[in-house]
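Hi,

Here is the structure I promised to send over. Have a look at it first, and then read on for what turned up.

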Amino acid sequence: MNKKSLGFTGVLAGFALAISSFVVPSASAASEIVVWADESRGPNLTKVIAAKGDWVPGYTVKIVTFSSFDALKEAFDKATDATGPDIVVGANDWVPTGAKSGKLAPITLTASVKARFNPTQLFDLTYKKSLYGVPIDVNNVAMIYNEKLVSSAPKTFGEMVSYYKANKASKNLKAGLCVAGGGMSWGAHSVFSALGADAYQFNSRDEIVYNRTFDYPKFSKNVKTYLLDGKKSNGFFPATDTGCKDNFLAGSVPFAVIGNWEWKDYVAKGFEMNLMPVPGVSADKPGKMFGSVSGAMLTTYAAKHGVSAGAKSLMTDFFASTSGQVAYQALEGRPPAEKGAQSSSAVSAGQKGFGAAASTAGIPQIGAFLNNNKGGANYWDSAPAFWTAVLVDNKDVAAESKKLANIWRSNTTAGKSDL
């Protein structure tokens, strides 16, 4: 889902010429900080930097815009000491490869700067306990509800189910809660979590706990209670995302999980951005969604170009600051990662809502676990397979829940060595 967070389709994947200059730039001058970005972020960063040219006194900032996300990534993979940028704006999953290749440099943030971000956002940009960038924007989902159908935000999962059952016939509801954005694995994790099943476990210090999985008997009981009528689905939660968005927009579904790349579609149709995590079985335990981030990453080239100090200042004083993220996201339109920017009056309700949901219930998207298949299947395949098994094929919920728990535990344990 990282490409979704960056908002690209990956067109012109092999075309790596920089739009701003049509040539890959040479090494930075001693007072010039070079930042590489994609075709969306680049022009907006250029405007923001131009509007306030003294983000880092004594330095000028040059934004080099590439024709696509894939072109940017290809150029960075081929960068050398002479051609490479001082900062690159990219996806969180660039960190492990960039750190291993020696292209990215670790950065140390003060406690006050770290406090501006959710710990899981910093985790996304960390490899082998070293931080390689600052979070810029968040990629996550959140739940929206139709205020023409529901008068107030639901507090629990059961409250939503009760509404659906009481109004299914009279309001011709096609479902109660469905996934409109992110699919039945990435987008639907918050539903798994709301019912008691998380892909991996954290302790109270936000540390991964290995060799442990979710309480599958409890999860199984919740699935039976809220999603089934006997052995069959009660219709509240479909096993597919097909038609969800259209049905919600048409008023035949009261609750939907949507992605932060599509919120303007809902605003255009008159919906309020009453975004929230999926409520849990208990009111104080909402469902957790994946909340990966894109970031501004320091490169090892900055030191070689003699601008390491200036690049680090740009990272903290612009990219990691409230004023910097507010100014930038006013043009970019994505949910800002920094807490002060999330609460700013200058940020739209959609941006603010997704950011708040991620801060409340976001967990890092850890590819080392999710892509692993040592348990017999990876997360991306096992998650939708579970919904199909219990909601379509009417298979035994207890057996399927235990099977899923074992898969996720094995994949997390096996993926530890890749962190």
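**What I found**

Setting aside its neighbours within four places in sequence, Trp 387 is in contact with Met 184, Ala 188, Val 191, Phe 192, Leu 227, Phe 237, Ala 239 and Val 392. Bear in mind throughout that this is a predicted model.

Trp 387 is also one of the residues with the most contacts inside the largest nonpolar core, along with Phe 157 and Leu 177. That core has 74 residues, and its largest share, 6 residues, comes from helix H19 (residues 379–391). There is a second, separate core of 55 residues, with Val 35, Val 95, Leu 125 and Met 297 among its members. As background, nonpolar side chains in soluble globular proteins tend to be buried together.

**The disulfide**

How many disulfides are there? The count comes to 1 disulfide. The partners are Cys 178 and Cys 244, with their sulfur atoms 2.0 Å apart. Since the cut-off for a disulfide is 2.5 Å between cysteine sulfur atoms, the pair at 2.0 Å qualifies. The link is right-handed, with 75° about the S-S bond. It joins distant parts of the chain: Cys 178 sits in strand S8 (residues 177–179) and Cys 244 in helix H11 (residues 244–249), 66 residues apart.

Are these cysteines buried or exposed? Cys 178 has a relative accessible area of 2%, so it is buried. Cys 244 is buried too, with a relative accessible area of 2%. If you plan to look at them on screen, remember that the cut-off for buried is under 20%.

**The largest pocket**

About 1100 Å³ of space lies in the largest pocket. Its lining is made up of 39 residues, and Phe 123, Thr 126, Tyr 127, Ile 366 and Leu 419 lie nearest its centre. Several elements give two or more residues to that lining: helix H4 (95–101), helix H6 (119–124), strand S4 (126–127), strand S5 (130–131) and helix H18 (367–370). Which of them gives the largest share of the lining? That is H6, with 5 residues.

**Helices**

I checked the length of helix H14 (residues 308–319) against what its residue count predicts. At 1.5 Å a residue, its 12 residues should span 16 Å, and the end C-alpha atoms are 15 Å apart, which agrees. In H14, the buried residues include Ser 308, Gly 310, Ala 311, Leu 314, Met 315, Thr 316, Phe 318 and Phe 319. An α-helix has 3.6 residues a turn, so residues three or four places apart point the same way.

Ser 220 belongs to helix H10 (residues 216–227). At 5% relative accessibility, Ser 220 counts as buried. Beyond its neighbours within four places in sequence, Ser 220 is in contact with Val 397, Ala 398 and Ser 401.

Glu 332, in helix H15 (residues 322–332), is buried, with a relative accessible area of 9%. Not counting residues up to four places away in sequence, Glu 332 touches Ser 40, Arg 41 and Asn 44. Glu 332 and Asn 44 are 288 residues apart in sequence, yet 6.4 Å apart in space, C-alpha to C-alpha.

Ala 50, in helix H2 (residues 41–51), is exposed, with a relative accessible area of 63%. C-alpha to C-alpha, Ala 50 and Lys 62 are 9.6 Å apart in space and 12 residues apart in sequence.

**Loops**

Asn 172 has a phi near 55° and lies in the loop between helix H7 (157–167) and S8. With 57% relative accessibility, Asn 172 counts as exposed. Asn 394 has a positive phi of about 55° and is found in the loop between H19 and helix H20 (397–415). At 31% relative accessibility, Asn 394 counts as partly exposed.

Ala 250 is in the loop between H11 and strand S13 (255–259). Ala 250 is exposed, at 64% relative accessible area. Ala 250 and Lys 269 are 19 residues apart in sequence and 9.6 Å apart in space, C-alpha to C-alpha.

Cheers

Methods. Residues are numbered from 1 along each chain as its sequence is written. This is a predicted model: local features need pLDDT of at least 70, side-chain atom pairs count only at pLDDT 80 or more; totals for chains, interfaces and linings use all residues. Side-chain values use heavy atoms; hydrogens and water are left out. Helices (H or I, at least four residues) and strands (E, at least two) are DSSP runs, numbered from the N terminus. The expected span of a helix is 1.5 Å times one less than its number of residues. Buried means under 20% relative accessible area, exposed over 50%, partly exposed in between (1.4 Å probe, protein chains only). A nonpolar core is a set of buried Ala, Val, Leu, Ile, Met, Phe, Trp, Tyr and Cys residues joined through side-chain atoms within 4.5 Å. Contact means heavy atoms within 4.5 Å. On a 1 Å grid over the protein atoms alone, a cavity is a set of points where a 1.4 Å probe fits but cannot get out, and a pocket is an open set with protein on both sides within 12 Å along at least five of seven lines; lining residues have an atom within 4 Å of a point. Grid points are joined across faces, edges and corners, and a volume is the space filled by probe spheres set on the points.
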